[in-house]
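The points follow in order.

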Amino acid sequence: MSKPIITVRLITRDELPQLLALYHYLNPVDAALPPDDILQSIGDGILRDPRLYYIVADVDNRLVATCNLIIVPNLTRGARPSGIIENVVTHPDYRQQGLGTQVLHYALALAWQQHCYKVMLLSGSKREETLNFYENAGFKRGLKIGFVALPPEEL
């Protein structure tokens, strides 16, 4: 049996359906998505935006882990940008293999190449193993306090 080929890289246009399938493991009961043509238009906009990066781990041409990085321009800290990582998820069949860590490290490397002075990541999980995962990937707990505002209809 041959060893699987693992690649960590930026997503390509034709992989949007695989990404959306992977997101099901992030939010199994998520809001309904718009029609495919609108989704593809959103995806195309993401791919054109130089501040948005969608990182994927692909095992034998199957997307199995992902996160996205947003670069935020800034006028403090020497006008260095900051980064935000969102939507970190690994397919359940591929967890505990280091793939989530690899996509996070790829995102951090991109942020440091963009001269970000920090990268932030919020997690809704209270599970210690999840929090330890982020710490082991290079994030520090307790340096800042996160707050989230939701639109009134979602409260």
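1. Both E15 and R9 are buried, a class that here stands for under 20% relative accessible area, with exposed being over 50% and partly exposed in between (1.4 Å probe, protein chains only). Their side chains meet in a salt bridge, at 2.5 Å from N to O. The term covers a side-chain nitrogen of Lys or Arg within 4 Å of a carboxyl oxygen of Asp or Glu.

2. On the basis of the figures: this is a predicted model, in which local features need pLDDT of at least 70 and side-chain atom pairs count only at pLDDT 80 or more, while totals for chains, interfaces and linings use all residues. Residues are numbered from 1 along each chain as its sequence is written, and side-chain values use heavy atoms, with hydrogens and water left out.

3. The salt bridges in the structure number 6. One of them links E129 to R127, with 2.3 Å between the closest N and O atoms. E129 is exposed, its relative accessible area being 52%. R127 has a relative accessible area of 48% and is therefore classed as partly exposed.

4. R141 and E135 also form a salt bridge through their side chains, at 3.1 Å from N to O. R141 counts as partly exposed because its relative accessibility is 40%. E135, with a relative accessible area of 33%, is partly exposed.
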